[in-house]
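Let's take a friendly walk through a protein together.

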Amino acid sequence: MAQYNTLLYYCYSTIADAEQFAADHLKFCKSLGLTGRIIVAAEGLNGTVSGTTEACKTYMDTVHADPRFAGIDFKVDVVDTPSFVKMHVRYKSEIVHSGLRDPNVINPQQQTGKHLEPKDFLAMKDRDDVVVLDVRSNYEHSLGKFKNAVTLDIENFRDFPEMINQLAQYKDKKILTYCTGGIKCEKASALLLHEGFKDVYQLHGGIIKYGKEAGGEDFEGKCYVFDNRLSVDVNSVNPVVISTCRNCGKVTPKMINCANPECNEHFTQCDECGTKLEGCCSDACQSHPRKREYDGTGYYVKVPQPVNVQKKGKIQLAGE
Ligand SMILES: [Zn+2]
Ligand SMILES: [Zn+2]
C-alpha cells in the first residue's frame with residue numbers, strides 16, 4: 001500500500017508579491033500531485049498538504065531551500081489516504097484571520113510570546129503562577145483541550161481580540177497559549193503583550209507537535225483538524241474522552257459535520273445517534289431536502305470552511 005503523509009505548517013515571513021507567489025505555488029503543488037489547502041499572504045504561509053511520502057519530501061525540501069521559509073517546522077503525519085481531495089492555494093490578507101491586520105500593531109515577526117518547546121510547556125503548565133490559555137474556537141476545545149485550560153466562548157479566531165478583557169484577572173500570571181499548530185498563538189500572544197500582559201509564552205508547534213514530542217500528556221480528548229480526518233489522537237500517556245454526544249449526552253470522541261449542507265455544523269455525535277439521525281444535528285436538519293447521504297464518517301467533500309475569510313483579492317483557480 002502506498003504511504004502518504006500529511007504536512008501541517010506555517011511561517012510568518014514577508015512575501016513581496018504574495019498574489020503571484022500563490023499562483024506559482026499552486027502550479028508547483030499540482031506538479032507534485034499534492035492535495036491540500038495553503039493560504040498565502042504578505043505576512044507568510046499557512047498550509048496543510050497531503051501526498052505520497054516522496055512528494056511530501058520534495059515539497060519540504062523545495063520550500064526549505066527558499067531562504068524566506070528555511071525555518072519552517074513541518075509537522076508530518078503518516079496517513080493511509082490523502083487528507084484532502086483537491087489542491088487550493090489562496091491569496092488572503094492574513095494567513096490566519098484575526099482581524100488584526102495592522103502590522104504596526106500586531107506583527108509576530110517583531111513581537112510575539114516566547115516559544116516553549118513541548119517538553120518545557122509540559123514542565124511549566126501546572127505551576128501556580130501559570131494560566132494555560134486555549135485560543136481556539138468552541139467546536140475545537142469542546143472536542144479536546146488541555147486539562148485545566150482556560151477556554152473562550154468564541155466561534156472564530158477573529159472574535160479573540162474582543163475576549164481579551166475577560167482575561168484581565170490573569171494579567172499578573174504567566175500566560176501559556178496554545179492552538180492546533182501554533183499559528184494562532186503567534187498573533188494571540190502578540191496581542192496579549194500589546195494589551196499589557198507581561199509574561200506571555202506560546203506552545204511552539206501547537207497541540208500536534210506536543211502530541212509527538214511530549215506524548216500529549218494531559219491533553220484531554222481529541223484534537224480537531226481542518227482536513228477530512230476531522231480529529232486526531234494526541235495523548236498516548238493518559239488519554240481520556242471529554243466530549244459528549246450532542247443528542248444523547250453519552251461520552252463519544254466522534255466529531256462530524258451535520259449532513260444538512262446548509263447547517264454543516266461541526267459537532268460530536270455517537271454512532272447510535274448518527275444512525276438514527278442519519279448524521280444530522282437535529283430533526284429539522286434530518287428532514288432538510290438537501291440532506292447528504294451519511295456514510296458513517298460525517299465528512300463531506302464540499303465542506304465549507306469554518307473560517308471563511310475570502311472577501312477580496314480572489315484569484316481564479318484552475319479546476320474550480
Ligand atoms: Zn448519542
Ligand atoms: Zn444541522
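**Salt bridges and a zinc site**

With a relative accessibility of 30%, D129 counts as partly exposed, because buried means under 20% relative accessible area, exposed means over 50%, and partly exposed lies in between (1.4 Å probe, protein chains only). This is a predicted model, in which local features need pLDDT of at least 70 and side-chain atom pairs count only at pLDDT 80 or more, while totals for chains, interfaces and linings use all residues. Residues are numbered from 1 along each chain as its sequence is written, chains are lettered from A and ligands numbered from 1 in the order in which they are written, and side-chain values use heavy atoms, leaving out hydrogens and water.

What does D129 pair with? Its side chain meets that of K174 in a salt bridge (3.8 Å, N to O); the term stands for a side-chain nitrogen of Lys or Arg within 4 Å of a carboxyl oxygen of Asp or Glu. This pair links distant parts of the chain, 45 residues apart: D129 sits in the loop between helix 3 (118-124) and strand 7 (130-134), and K174 in strand 9 (residues 174-178). Helices (H or I, at least four residues) and strands (E, at least two) are DSSP runs, numbered from the N terminus. K174 is buried, at 17% relative accessibility. D129 and K174 also belong to a network of salt bridges that links them with K114, R127 and D199.

Side chains of opposite charge can pair when their charged atoms come close. By the rule above, the count comes to 25 salt bridges. One of them joins D77 and R229 (3.1 Å, N to O). D77 lies in strand 4 (residues 75-79) and R229 in the loop between strand 12 (223-224) and strand 13 (231-232), so this pair ties together parts that are 152 residues apart in sequence. D77 is buried at 18% relative accessibility, whereas R229, at 25%, is partly exposed.

Now turn to the metal. Which residues hold the donors of the zinc ion (ligand 1)? They are C245, C248, C270 and C273, each through its SG atom, lying 2.3 Å from the ion. Donors are N, O and S atoms within 2.8 Å of the metal (3.2 Å for Na, K and Ca); water is not among the atoms, so sites may look incomplete. Along the chain, the donors follow the spacing C-x2-C-x21-C-x2-C. Both C270 and C273 are buried.
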